[in-house]
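The sequence and structure come next.

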Amino acid sequence: MAFIGFLVTPKSNNIVKKSFPLSKKYYKNFCKKKTVFNLSANENQSGGDVSSSLNDSDIEARKIREEAERRRQEEERIRMKKQMKIDRLNAIPEDAEAGTVEEFMYKDGVKDILEQLDNDLVGLVPVKSRVKEIAALLVVDKLRRNLGLDTGVPSLHMCFTGAPGTGKTTVAMRMGQILQRMGYSRSGHLVVATRDDLVGQYVGHTAPKTKEVIKKAMGGVLLIDEAYYLYNASNDRDYGQESIEILLNVMEENREDLVVVLAGYKDRMDKFFSFIPGMSSRVGNHIEFPNYEPEELLQIAKVMCRDLEYEISPEAEPIFFEYIKKRMTMSYFSNARTVRNAVDRARMRAAIRLFNKATDKGSDGMVSRQDLMTLEKSDFVSVEELIARGENAIVE
């Protein structure tokens with residue numbers, strides 16, 4: 001048995017490799033010392049692992065203590081808040097007055113808006129009644145707040161169902177004004193959107209479009225017309241689903257700063273809600289807009305003429321009334337929109353009539369104020385003209 005070592009010579013400082021013989025006794029002692037050294041090294045490494053584990057345990061225990069303390073502080077905060085509310089309510093005298101309903105209706109201008117809604121919309125009694133109910137809820141909620149009673153912002157998201165031209169956009173605009181006057185929205189403005197405004201044409205395009213529309217509507221009312229087109233049940237990859245998910249999140253997280261109104265035909269909206277139950281649960285107010293009666297549509301025409309400083313002559317009223325009744329049985333009828341188009345057509349015919357009369361050779365060219373304000377029976381489309389154009393013709 002030999003031990004190999006290295007020597008440095010004194011004179012030349014050269015390193016010389018040299019082998020030293022070892023007896024069995026020295027070899028055994030050497031091996032024992034080597035084993036002890038290895039054991040010592042292993043013990044040091046193991047000690048480091050134990051120390052690291054202990055540190056990790058201390059950190060975990062500290063996190064648990066901090067979380068428990070946080071929960072305790074939160075519970076204490078909630079308890080103190082409840083106690084403060086109880087103390088405040090106990091301090092309110094039984095005969096304390098929060099104010100009168102009329103005071104809030106006049107002061108905030110809600111009464112003026114409701115009266116304006118009555119003037120703008122003919123008929124629609126159920127719709128006006130529902131709007132007044134929502135306004136009453138907001139007024140009473142404000143009275144409660146004056147006394148320090150617990151109040152929470154009610155669900156103001158709405159669904160308007162009905163045929164085109166029944167006043168859904170007008171009611172949404174007035175509703176936004178009421179919410180703004182009562183302090184439930186910052187500006188009360190109305191943004192109208194359809195699927196084309198919300199849904200993109202390729203991957204990554206829908207989210208920016210939807211968020212941009214929502215950003216414009218923040219602080220007011222977002223009316224989504226024909227909302228059922230957002231969901232395509234026959235196509236799982238349709239991008240409308242992404243827009244719906246964004247809307248659902250905003251309707252829940254930002255319900256105090258945005259009112260979403262979904263509009264469309266009732267049967268299609270019901271089907272849409274069956275596909276998207278999360279949307280139905282977020283809409284707390286459902287208002288159905290009935291179709292107008294012929295008499296109401298004639299009254300609407302008179303209101304439109306009044307706002308434009310026109311008047312329908314007594315001879316023209318029965319002609320226009322018969323036109324309305326016949327037009328209601330034909331295709332592409334849209335209630336008040338059809339009436340508005342008919343009034344616009346009558347104004348154009350009146351202009352042509354007056355122009356031709358004033359430029360006639362035997363005329364002095366003078367046109368009176370009454371001439372400029374009156375729509376005669378010849379200015380309106382007659383039933384005979386409608387029949388001549390065919391049942392499926394697109395007419396005004």
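Ser243 is buried, because its relative accessible area is 0%; buried means under 20% relative accessible area, exposed over 50%, and partly exposed in between, with a 1.4 Å probe and protein chains only. The model is predicted, so local features need pLDDT of at least 70 and side-chain atom pairs count only at pLDDT 80 or more, while totals for chains, interfaces and linings use all residues. Residues are numbered from 1 along each chain as its sequence is written, and side-chain values use heavy atoms, with hydrogens and water left out.

Ser243 sits in helix α8 (residues 240-253). Helices (H or I, at least four residues) and strands (E, at least two) are DSSP runs, numbered from the N terminus. With neighbours within four places in sequence left aside, Ser243 is in contact (heavy atoms within 4.5 Å) with Leu198, Val199, Thr206, Thr210 and Leu230.

Val367 lies in the loop between α13 and α14 (369-373). This residue is partly exposed, with a relative accessible area of 34%. Not counting residues up to four places away in sequence, Val367 touches Leu354, Ala358 and Leu372. Val367 and Leu354 are 13 residues apart in sequence, and their C-alpha atoms are 7.5 Å apart.

**Chain and cores**

The chain has 15 helices and nine strands. Of its 396 residues, 34% are buried. Among contacts in the chain with a separation of 6 or more, 72% join residues 24 or more positions apart.

A nonpolar core is a set of buried Ala, Val, Leu, Ile, Met, Phe, Trp, Tyr and Cys residues joined through side-chain atoms within 4.5 Å. The largest has 55 residues, of which Phe160, Val171, Ile178, Leu179 and Phe320 touch the most other members. Helix α4 (residues 125-146) supplies the largest share of this core, seven residues. Another core, of 30 residues, lies apart from it and includes Ala193, Val199, Ile246 and Phe273. Beyond its neighbours within four places in sequence, Ile178 is in contact with Val110, Ile113, Leu114, Val131, Ala135 and Leu138.

**Strands β3 and β7**

Strand β3 (residues 158-162) pairs with β7 in the parallel sense over five bridges; two strands pair if DSSP finds at least two bridges between them. Gly162 has Phe289 of β7 as its bridge partner. In β7 (residues 285-289), Asn285, Ile287 and Phe289 form the covered face, and His286 and Glu288 the uncovered one.

**Pockets**

On a 1 Å grid over the protein atoms alone, a pocket is an open set of points where a 1.4 Å probe fits, with protein on both sides within 12 Å along at least five of seven lines; lining residues have an atom within 4 Å of a point. Grid points are joined across faces, edges and corners, and a volume is the space filled by probe spheres set on the points.

| Pocket | Volume |
|---|---|
| Largest pocket | about 460 Å³ |
| Second largest pocket | about 150 Å³ |

Of the 17 residues lining the largest pocket, Asp120, Leu121, Thr170, Met304 and Ala336 are the closest to its centre. The elements giving two or more residues to this lining are α5 (168-181), α11 (294-307) and α13 (336-358), and α11 gives the most, with four.

The second largest pocket is lined by Tyr228, Tyr229, Tyr231, Ala233, Arg268, Lys271, Phe272 and Phe275.
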